[in-house]
Amino acid sequence: FECVAKASTADLRSFSSQGLANTVWAFAKVGRNDKELFDSVARAATMDIGNFNSQNLANTVWAFAKAGRNDKELFDSVAKAVTADIRSFCPQGLANTAWAFAKVGRSDRELFDSVAKAASADIGNFNPQDLANTVCAFAAVDRADEELFTSVAKAATAGIRDFNSQDLANTVWA
């Protein structure tokens, strides 16, 4: 992984937004937190944020949160990009984005308000894990949204048999 990190860091200008997102996602997925790579991707992503689609945005902040990295400029840029393009996010993207911001302790009001509105409007398409992760993220940053929580409660009640024990516990906790 060290060789890949060094080679990637040296050539980030040639990476697409998907390439940047996939690189940090892969490193985070296997528990690798290469400071130079993550710092370099944060700078590159911040400069190119307008070319990131919803999946690239969600995967990037998920990777940074999973690696325990809270890059202020990156998260600020992503928050603005997410709120501007919230309608393009799928349920998993909304849940993962909210989770990532909560994981690093960022309770960006506009971002969470946008996620709440989008999630409430599309709640029927959320699976149990997406429901649980979304409400847990809101609870973790002490943000209550009555419309979202009511929508999640109704969806969870209707689909209670689909929840595994962890998703059920997380939803109830929130």
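**Figure 1. K35 is an exposed residue.** At 54% relative accessibility, K35 counts as exposed (over 50% relative accessible area; buried is under 20%, partly exposed lies in between; 1.4 Å probe, protein chains only). K35 pairs with D39 in a salt bridge, their closest N and O atoms lying 2.6 Å apart. A salt bridge here is a side-chain nitrogen of Lys or Arg within 4 Å of a carboxyl oxygen of Asp or Glu. K35 and D39 are about one helical turn apart, because they sit four residues apart in helix α3 (residues 35-47). Helices (H or I, at least four residues) are DSSP runs, numbered from the N terminus. This is a predicted model: local features need pLDDT of at least 70, side-chain atom pairs count only at pLDDT 80 or more, and totals for chains, interfaces and linings use all residues. Residues are numbered from 1 along each chain as its sequence is written, and side-chain values use heavy atoms, without hydrogens or water.

**Figure 2. R69 forms a salt bridge with D39.** The closest N and O atoms are 2.5 Å apart. This pair links distant parts of the chain, 30 residues apart: R69 lies in the loop between α4 (54-66) and α5 (72-84), D39 in helix α3. R69 counts as buried, at 17% relative accessibility.

**Figure 3. K72 and D76 meet in a salt bridge.** The N to O distance is 2.7 Å. Both residues belong to helix α5, four residues apart, so about one helical turn separates them. D76 is partly exposed, at 23% relative accessible area. K72 is exposed, at 55%. Elsewhere, salt bridges with shared partners join K35, D39 and R69 into one network. The whole structure holds six salt bridges.

Notes:
Helices (H or I, at least four residues) and strands (E, at least two) are DSSP runs, numbered from the N terminus.
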